[in-house]
Amino acid sequence: MGKVTGFLEIDRQVHKYQPASDRIRHFREFTLPMSDKEVEKQAARCMDCGVPFCHGPTGCPIHNQIPDWNDLVYNGDWDNAIRNLHSTNNFPEFTGRVCPAPCEEACTLNLEDIPVAIKTIEQAIADKAYETGHIRPYPPESKTGKRVAVIGSGPSGMAAAQQLGRAGHDVHVYERESKAGGLMRFGIPDFKMEKRYIDARVKQMEGEGVTFHCGVNVGVDKPVTELLAEHDAVLYCGGSETPRAAGIPGDDLDGVHDAMPYLVQQNKRVGGENIQSTAWPEKPITAGGMHIVVVGGGDTASDCVGTAFRQGAVRVTQLDIRPQPPEKENKLAVWPYWATKMRTSSSQAEGAEREFQVATLEFIGEDGLLTGVKCCEVDEARKPVAGTEFVIRADLAFIAIGFAGPIAGGVIKELDGEMKLVTDSRRSVNVAANDRDYRTSVDRLWAAGDVRRGQSLVVWAIREGRQAARAIDEALMGSTVLPA
């Protein structure tokens, strides 16, 4: 694949960022795109490695044919590279921006810490698709006469809706919020992915016959039973939105918030929308001129860090109960799997102070207002170490320790008794459905994405949406041509 000796001749390069001092002044994307020729040189590094782990089960969840489109890009055949990428991934501009790239971890060249710049190349292909007019409607040649409803318009719901629409079904997507996109729109900050890409895909899908019904909270505004009566199949892609309970004393103080309402508010500000809704009723939260503490070490916590800096925070401290990971992993022990090693996100690189192996003991305050966060060091079993307590000044604190499952109201509340729920290894409560046919315990109701598997990556949600669409198409028509 690519140039046979390319990996020996060409150094790895990825797109660069605007300086932190510049990018924290705005909420736009800050990556600096590489030229076509530079991207083609990076694609040439894809070696003929025999077993391409990058698109196997350890690499890409949607099985992007990475060596194939690398070879096409290297040879300057961008049109066929786009077609190849779209054959497995409905929205490569999403994953090319927000996916952590397990494919690069699984790349054979990662054994030498110089993996092919797969994520950079994928984003370049997707962006080229917009330039060359490939993001346009591809309506089906004929209609099946079947009606399918999709609850939720996150990555799983959008992927399923597009696949089902292209199969000829009459697809209706119901979204609680004012615009489609789910937490891709309202949870992921614009500096990581601008929302014009979601708008473009919605326009494309509408041209393919998909109908979006925004501002409709299924199970509250419109009963699920009504949807089931009006459609031949219903797919539930409600996401995982219930914050995991931290159980930290003082979390009722003014100034302590779950992460997601904070991120949703800022995304709505950037989008020119009303920041408050029945789903997100919190009063305005801004970090300008304040000392901020973020509890948690994952992507959501990092998004809070970057958002706080852009709002003008004086100091941002991120607390992670896990020990500080090694700078480099033992390749022979973990490759081609995702490795635990020191990683610094672009938001953390903007000036965050990171505390590892630290537990949050208590939020402390005066007159009901947060003034600090009491912490201590922990041992390997995450038990507090006596005598290590300390207090960090805090005007605002955000809890970003993950999600416990879908919201308990709406669909689940209405179908209580019929819909089975399961608890996964992370103690999240999810809708029970397998990953083969995605059927729930309710007749003609399927489930996919985070509502089924628990909180996960955008790329996994796209995979589940595509697979659920195939299962639904096969159930409705007796056979299917949709890819697995």
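**Salt bridges and a buried threonine**

Lys331 and Asp113 form a salt bridge (a Lys or Arg side-chain nitrogen within 4 Å of an Asp or Glu carboxyl oxygen), with their closest N and O atoms 2.8 Å apart. This is a predicted model, where local features need pLDDT of at least 70, side-chain atom pairs count only at pLDDT 80 or more, and totals for chains, interfaces and linings use all residues. Residues are numbered from 1 along each chain as its sequence is written, and side-chain values use heavy atoms, leaving out hydrogens and water.

Reader: Is Lys331 buried or exposed?

Author: Buried means under 20% relative accessible area, exposed over 50%, and partly exposed in between (1.4 Å probe, protein chains only). Lys331 has a relative accessible area of 10%, so it's buried.

Reader: Which residue forms a salt bridge with Arg176?

Author: Side chains of opposite charge can pair when their charged atoms come close. Arg176 is partly exposed, at 22%. Its closest N and O atoms in the bridge are 2.9 Å apart, and the partner is Glu241.

Reader: Which side chain makes a polar contact with the side chain of Thr480?

Author: Thr480 counts as buried, at 18% relative accessibility. A polar contact is a pair of N or O atoms within 3.5 Å; within protein, one must be able to donate a hydrogen and the other to accept it, and residues adjacent in sequence count only if both atoms are side-chain atoms. At 2.6 Å, the partner is Asp473.
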